[in-house]
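Please read the sequence and look at the model below.

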4 protein chains.
Amino acid sequence: MSILSADEVQAKLDASPFIAFSGLRVVSADAEKGEITMRAPFRPEFERAAGSGQWHGGPIAAVIDTVGDFALGMLLGGGIPTVNFRVDYLRPAIRTDLVATARVRRNGRSFGIADVDVFDEQGRLLAIGRATYVTAPAG
Amino acid sequence: MSILSADEVQAKLDASPFIAFSGLRVVSADAEKGEITMRAPFRPEFERAAGSGQWHGGPIAAVIDTVGDFALGMLLGGGIPTVNFRVDYLRPAIRTDLVATARVRRNGRSFGIADVDVFDEQGRLLAIGRATYVTAPAG
Amino acid sequence: MSILSADEVQAKLDASPFIAFSGLRVVSADAEKGEITMRAPFRPEFERAAGSGQWHGGPIAAVIDTVGDFALGMLLGGGIPTVNFRVDYLRPAIRTDLVATARVRRNGRSFGIADVDVFDEQGRLLAIGRATYVTAPAG
Amino acid sequence: MSILSADEVQAKLDASPFIAFSGLRVVSADAEKGEITMRAPFRPEFERAAGSGQWHGGPIAAVIDTVGDFALGMLLGGGIPTVNFRVDYLRPAIRTDLVATARVRRNGRSFGIADVDVFDEQGRLLAIGRATYVTAPAG
């Protein structure tokens, strides 16, 4: 297990076809605080209603899953399996990139927990996530 | 509020850029039982690790959100806002379409709940979701 | 790991001060189906508003946690640690015992999942739960 | 809707048989920050295994539900119905009171969300909760 730098996390993201498609970019990564921030640009394929400029909730959930994953993953050397997660939607995400910050709440031997807050470009809270991941080494 | 036929649900799905992109097709819709089944084909953009043929969990969560939404939505005349949902991953989804069945657990005046089971083409359970939606008319 | 009979589950329940206090009784246990049903009598200490005869949601959540636990626990030889759970409240529980049925959705090497439906004495659905437990042997 | 003082919240808690039984005491209440802290003493009836001094998870979940409820409830003039909540257990709660802090994440017209962190007397995080409540006036 080795701690990943922001560049190393970005390389892992880019290596996954889905994450690469979602366009996630690491903005900052602080392994000591267990906190990572990423930015996801709006894509036309993620639009809810045609012409609305609004993100469908599905891609927002996918962003939450991924950013939470790498809050723990940067401490563990790579992406890890998701056990389950919850997402709550607070306000529509319209004509904006998403800025998502994940924070490790637990990093145990078997599983870990990350909380994820998703903001718009103005810093308004759009959605929140809480996710459990497998931290035990595969085998 | 009017009950939607399977074709009418399909038309609503196709009208959303994200849902159209995800390729969801209504397999069956039973308004009386509050149950709807859809199928989502694998897309290369949804792959977790390059060459793995495995669905990333994010698009699976998006499928759960959408299929659950229309279990209630077919009873209410269209898609409705998601309040929150939980997804649990049971087994990797590899080289398979997803077959997702959502069932209404509650259809109240303010909010409703749907459970969603996601299977592979062989009928193995891959993931399960539980979601709360706003059933109150907008306004 | 040995499968527990209904009587053996009941003995485990009675050995826990909190579960004994909550008065849970095993109604039926079907290890092959991974399904267990228990009944919890109303207690004055569980009342929400004085004189209402309504269960507070907290004890309902506790019942869900426990019944779900023993759906897996009867297969594994005893109660197991809860990782997390979600509870949704559908209708007030007033002047009624609770009848809770839990069903195993997954019994994996590390984690298991149980769904729990809580009914009143007339068979109306009051609350639903979904819980993840540690199935790996302690060590 | 009127904002409740810490004493007024305490009076509401004491008026509920279950909450009174659980012994919750308001430690601090900050309506402007949407944050409330309560303390729950250990009771023998809440013990998991006889002689362990460990809280069963059920009463911890009940504490989370209640403290989260009054983070919003102090802003709205009283306790409000819970829609659903999630609780994650991080570490056993042994021979300790619980200190629970709830923070409002959303206070909307229909729904509100509160996050709850539960600590032991040494300030170690034991469990976390996230709950959705009905904020719309009853009618």
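This is a predicted model: local features need pLDDT of at least 70, side-chain atom pairs count only at pLDDT 80 or more; totals for chains, interfaces and linings use all residues.

A residue counts as buried here if 20 or more other C-beta atoms lie within 10 Å of its own.

What does β5(B) pair with? One partner is strand β4 of chain B, residues 98-107, in the antiparallel sense and over 8 bridges. In this pairing B:Arg106 stands opposite B:Ile113 of β5(B). A hairpin with 3 residues joins β4(B) to β5(B). Another partner is strand β6 of chain B, residues 125-134, again antiparallel, with 9 bridges. Here B:Val116 has B:Gly129 in β6(B) as its bridge partner. The hairpin of β5(B) and β6(B) has 5 residues between the strands, and in it B:Gly123 takes a positive phi near 85°. Strands of a sheet pair through backbone hydrogen bonds, either parallel or antiparallel.

Strand pairing also joins one chain to another. One of the pairs is A:Asn84 with B:Asp88 in β3(B). Around this pairing, how many residues of chain A are in contact with chain B? There are 28 in chain A, in contact with 28 residues of chain B. On the chain A side, the elements that give two or more residues are α2 (17-22), α3 (57-76) and β3 (82-89). The largest share, 8 residues, comes from β3(A). Sorted by class, this side of chain A has 15 nonpolar, 7 polar and 6 charged residues.

Chain A can also be taken as a whole. Its secondary structure comes to 3 helices and 6 strands, which follow the pattern α-α-β-β-α-β-β-β-β along the sequence. The radius of gyration of chain A is 14 Å, close to the 14 Å that the globule rule gives for 139 residues, so chain A is as compact as a globular protein of that length. Along the principal axes, its C-alpha atoms fill a box of roughly 45 × 25 × 25 Å. Of the 139 residues of chain A, 53% count as buried. Among contacts in this chain between residues at least 6 apart in sequence, 60% join residues at least 24 apart.

Now turn to chains C and D. An open sheet of 12 strands runs in the order β1(C)-β2(C)-β4(C)-β5(C)-β6(C)-β3(C)-β3(D)-β6(D)-β5(D)-β4(D)-β2(D)-β1(D), with antiparallel pairing. Its edge strands are β1 (25-30) of chain C and β1 (25-30) of chain D, each of which pairs on one side only. Neighbouring strands of this sheet are turned by 15° against each other on average, direction ignored. Within the sheet, 6 bridges join β2 (35-40) of chain D to β4 (98-107) of chain D, and these strands run antiparallel. The bridge partner of D:Ile36 in β4(D) is D:Ala102.

Which helix of chain C packs on the sheet? Helix α3 (57-76) of chain C does, and the strands that it touches include β3 (82-89) of chain D. The direction of this helix makes about 45° with that of β4(C). Helix α3 (57-76) of chain D lies across strands including β3 of chain C, and runs at about 45° to β4(D).

Terms used
Residues are numbered from 1 along each chain as its sequence is written. Chains are lettered from A and ligands numbered from 1 in the order in which they are written. Two strands pair if DSSP finds at least two bridges between them. Helices (H or I, at least four residues) and strands (E, at least two) are DSSP runs, numbered from the N terminus. Axes are lines fitted to C-alpha atoms, for helices over the stretch in contact, and angles run from 0 to 180 degrees between N-to-C directions. Two residues are in contact if their C-beta atoms, placed from the backbone, lie within 7 Å. Ala, Val, Leu, Ile, Met, Phe, Trp, Tyr, Cys and Pro count as nonpolar, Asp, Glu, Lys and Arg as charged, and the others, Gly among them, as polar. The radius of gyration is taken over C-alpha atoms; the globule rule is 2.2 Å times the number of residues to the power 0.38. A residue is buried if 20 or more other C-beta atoms lie within 10 Å of its own, exposed if 12 or fewer, and partly exposed in between; C-beta atoms are placed from the backbone.
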